Amino acid sequence: MKRMVVVVAALAAFGFVSSANAADMPMPAKAPMLAPAPVYNWNGFYIGGFAGLATAGNATTSDPCLSTALAACAAAGAGTYNGVAPVGYSLKTSFIGGGTIGWNWQSSGSHFVFGLENEIGYMHLQGSAVMNPLGSGDTVASTRIGNWYDAYTVRAGYAWDQALLYAKVGGVSAGYSSGVVDNGGGVTIDTTTNKVLTGWAAGAGVEYAWTRNWSVKAEYLYLGLASTVNSCAQVGGFPPGTIDCVYTKTNGISTFKLGANYHFN
C-alpha cells in the first residue's frame, strides 16, 4: 500500500513539472497575414488610339429627274435624264483609325463604371456606278462617307477588377458627298453635294487594364447614319431654271476596332 502511494505521488509530481515546463516554452510564431491585392479602379481621365474596319453595304442613287417631279420619278422607279432605274453599288470596306479621349467614374467598392467618351477618326467608304444604258458611259453616280467621323457617347459598364465590360450610346457626325455627274453629248450636269451627316451611335466592348495605366480594348460601334439625300444642279444646255435632282440612299455603318488607352489615375 505504501509503495502504491509513493508511485502515485511520483507520477503526480512528474506531471506537474512537465506542465510547468510546457507553459514556459515559447509559442510557435504565426505565419504573417498577406495583405489583399489592391483592386483596380477605373476612375479618371484617359486618352488613347484605335484601328479597325468599317462597312456600310450598298448605296443606291437615282437617275436625274426634274426637281418638280422627283417624287413622281421615285414612285415610277426611273428618272427622266437617261430613263433608267436607280442603280445600287457597293461602298467598299474602309480602314478606320483615330484617337479617343474620355473620363470614367467608379466609386470605391463599386463594380459599376460610368463615363463620357469622344472618338474622332478617319473613315473612307466610297463607291460608284455607271448609270447610262448599254452603249454609253458618261453618267456616273458616286457616294463617299468620310473622310472623317466624330462619335460622342456615354459609357456604362461592369468591372471585375482589371476587366471591364461596357456599352456606349450617343451621337455621331461624318463627312458626306454624293451625286451624279454627266459631261457627254454637249450637256453638263453635276448634282454632287457635300454635307455633314448626323445620327446616333451605339455599341459595346471589353477593356482590360494590363498595367496600372495602360489598357487594351476590343469594340463594336454602329453608326446610325442611314439617310436619303437629295442633290440638285442646273442642267447645262437647257433653258435657265432647268434643275435636275437625284436621291441617294445609304445604310448605317458597322465599325470594328482594337485600341489602347493610357489612364491618368
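This is a predicted model: local features need pLDDT of at least 70, side-chain atom pairs count only at pLDDT 80 or more; totals for chains, interfaces and linings use all residues.

Me: What do Cys232 and Cys245 form?
Reply: They form a disulfide, with 1.9 Å between their sulfur atoms. The angle about the S-S bond is 110°, and the link of Cys232 and Cys245 is right-handed. This pair links distant parts of the chain, as Cys232 sits in strand β12 (residues 227-234) and Cys245 in strand β13 (residues 243-250), 13 residues apart.

Me: Quick reminder, what is a disulfide?
Reply: A disulfide is a covalent bond between the sulfur atoms of two cysteines.

Me: How many disulfides does the structure hold?
Reply: There are two. Cys65 and Cys73 are joined by a disulfide too, with an S to S distance of 1.8 Å. That link is right-handed, with 50° about the S-S bond. Both Cys65 and Cys73 are buried.

Me: What pattern do the disulfides follow?
Reply: Counting bonded cysteines along the chain, the pattern is 1-2, 3-4.

Me: New topic. How many helices and strands does the chain have?
Reply: You'll find two helices and 14 strands. The chain has 265 residues, and 39% of them are buried. Among contacts with a separation of 6 or more, 72% are between residues 24 or more positions apart.

Me: Which residues have the most contacts inside the largest nonpolar core?
Reply: Those are Met123, Ile145, Tyr149, Leu223 and Ile253, in a core of 29 residues. Several strands each give two or more residues to this core, including β1 (44-55), β6 (112-130), β7 (139-160) and β10 (193-209). Another core lies apart from it, with seven residues, among them Trp42, Ala159, Leu164 and Ala209.

Me: What does Tyr149 touch?
Reply: Leaving out residues up to four places away in sequence, Tyr149 has contacts that include Phe50, Ile96, Glu119, Met123, Val172, Leu223 and Lys257.

Me: Is there a general reason why nonpolar side chains sit together, or what tends to happen?
Reply: In soluble globular proteins, nonpolar side chains tend to be buried together.

Me: Okay, cavities. How many of 30 Å³ or more does the structure hold?
Reply: It holds one cavity of that kind. The largest cavity has about 30 Å³ of space.

Me: Which residues line the largest cavity?
Reply: The lining is made of Ser62, Asp63, Leu70, Cys73, Ala74, Gly77, Ala78, Gly79, Pro86 and Tyr247. Helix α2 (residues 70-76) gives the largest share of that lining, three residues. Sorted by class, the lining has six nonpolar, three polar and one charged residues.

Me: One last stop. Where is Asp190 found?
Reply: Asp190 is in strand β9 (residues 189-190). Its relative accessibility is 42%, so Asp190 counts as partly exposed.

Me: And what does Asp190 touch?
Reply: Not counting residues up to four places away in sequence, Asp190 touches Val180, Val181 and Ala233. The C-alpha atoms of Asp190 and Thr139 are 9.6 Å apart, while the two residues are 51 residues apart along the chain.

Technical notes
Residues are numbered from 1 along each chain as its sequence is written. Side-chain values use heavy atoms; hydrogens and water are left out. On a 1 Å grid over the protein atoms alone, a cavity is a set of points where a 1.4 Å probe fits but cannot get out, and a pocket is an open set with protein on both sides within 12 Å along at least five of seven lines; lining residues have an atom within 4 Å of a point. Grid points are joined across faces, edges and corners, and a volume is the space filled by probe spheres set on the points. Helices (H or I, at least four residues) and strands (E, at least two) are DSSP runs, numbered from the N terminus. Ala, Val, Leu, Ile, Met, Phe, Trp, Tyr, Cys and Pro count as nonpolar, Asp, Glu, Lys and Arg as charged, and the others, Gly among them, as polar. A nonpolar core is a set of buried Ala, Val, Leu, Ile, Met, Phe, Trp, Tyr and Cys residues joined through side-chain atoms within 4.5 Å. Buried means under 20% relative accessible area, exposed over 50%, partly exposed in between (1.4 Å probe, protein chains only). Contact means heavy atoms within 4.5 Å. A disulfide is a pair of cysteine sulfur atoms within 2.5 Å.
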